Amino acid sequence: MPLATTRRAGLVDQVIEQLRTAVAEGEWPLGKRIPTEAELGEQLGVGRNTIREAVRALAHTGLLEVRQGDGTYVRATSEVSGAIRRLCGDELREVLQVRRTLEAEGARLAALSRTEEEVAELWSLLVRREVELRERRWEDFARTDAEFHSAVVRAGHNGLLTELHRGLTEVITASIAATSSITPGVEHVPEIGHEGLAEAIARRDPDRAAAEACGFLDELLERVERS
């Protein structure tokens, strides 16, 4: 895939998107070194600082790996798989514990404050989630599941809680993928559904909503403890 010269506005974001696309489309295979900063800057028509900032951002997500004195290599084919590589053991347990705290309160508040439009969004996301699960589009499934949980928290209309949860989007998506055994070459159907949570929010039942949110996360924590 030839890289296109970027526009001036949002240069770093544009470069990030082009690098991400090059990896996703196989222009730079997994484990291979990508072009140097100078080569990328020439292709994209931007300075080396812009390239360096974009590469640093993608290295943070796990997509790329910067090896000092050697170059930058493709570490994963997507941010989800890159995050999964980093998320394991005690770190996964901690993420689930933090999710339990935030999402239980988010679900409780959502049951008290949600709008009809927000309830409709929850059911729509669950329909999409089911389709992606049935079609075994695992990374799409993980993203949609994470989007569902974010929508629950947003429906609570607590700005600070929403921002805290949004800041964990990457690790939440990775934790969903990891606990669903969504790994290359493995087909596993996650057993945990969220219809009960959506129903409790729709019926304005805060106690049940919080219990539903805690319930599936407690089950995930038990799986991690057993593994």
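Me: Why is Glu 212 counted as partly exposed?

Reply: In this predicted model, the relative accessibility of Glu 212 is 28%. Buried requires under 20% and exposed requires over 50%, so the value of 28% places Glu 212 in between, as partly exposed.

Me: What makes Arg 208 and Glu 212 a salt bridge?

Reply: The closest N and O atoms of the two residues are 3.5 Å apart. The cut-off is 4 Å, and the pair therefore qualifies. Both residues belong to helix H11, where four residues, about one turn of the helix, separate them. Arg 208 has a relative accessibility of 27% and thus also counts as partly exposed.

Me: What do Arg 33 and Asp 70 tie together?

Reply: Their side chains meet in a salt bridge at 3.5 Å, N to O. Arg 33 is in the loop between helix H1 (11-24) and helix H2 (37-44), whereas Asp 70 is in the loop between S1 and S2, so the pair ties together parts 37 residues apart in sequence. Asp 70 counts as partly exposed, at 34% relative accessibility.

Me: Why are S1 and S2 said to pair?

Reply: Pairing requires at least two bridges; strand S1 (residues 64-67) and strand S2 (residues 71-74) share four, so they count as paired, in the antiparallel sense. Val 66 is opposite Thr 72 of S2. The two strands form a hairpin with three residues between them, and Gly 69 in the turn has a positive phi of about 80°.

Me: What places Arg 67 over the face of Tyr 73?

Reply: Arg 67 is 3.8 Å from the ring centre. The distance limit is 6 Å, with a further limit of 35 degrees from the ring normal. As for pairs of aromatic rings, the count is zero.

Me: Which residues touch the most other members of the largest nonpolar core?

Reply: Within this core of 24 residues, they are Leu 96, Phe 148, Val 152, Leu 197, Ile 201 and Ala 209. Helices H5 (89-113), H6 (116-134), H7 (138-154), H10 (195-202) and H11 (206-226) each give two or more residues to this core. H11 supplies the largest share, seven residues. Leaving aside residues up to four places away in sequence, Ala 209 touches Ala 107, Arg 108, Ala 111, Leu 197, Ala 200 and Ile 201. Another core, of 18 residues, lies apart from the largest one and includes Val 12, Leu 40, Leu 44 and Ile 51.

Me: Why is Glu 163 counted as partly exposed?

Reply: Its relative accessibility is 47%. Exposed begins over 50% and buried ends under 20%, so Glu 163 counts as partly exposed. Glu 163 is found in helix H8 (residues 159-166).

Terms used. Residues are numbered from 1 along each chain as its sequence is written. This is a predicted model: local features need pLDDT of at least 70, side-chain atom pairs count only at pLDDT 80 or more; totals for chains, interfaces and linings use all residues. Side-chain values use heavy atoms; hydrogens and water are left out. Rings of Phe, Tyr and Trp (its six-membered ring) pair if their centres lie within 6.5 Å; planes under 30 degrees apart count as stacked, over 60 as edge-to-face and the rest as tilted. A nonpolar core is a set of buried Ala, Val, Leu, Ile, Met, Phe, Trp, Tyr and Cys residues joined through side-chain atoms within 4.5 Å. Buried means under 20% relative accessible area, exposed over 50%, partly exposed in between (1.4 Å probe, protein chains only). Contact means heavy atoms within 4.5 Å.
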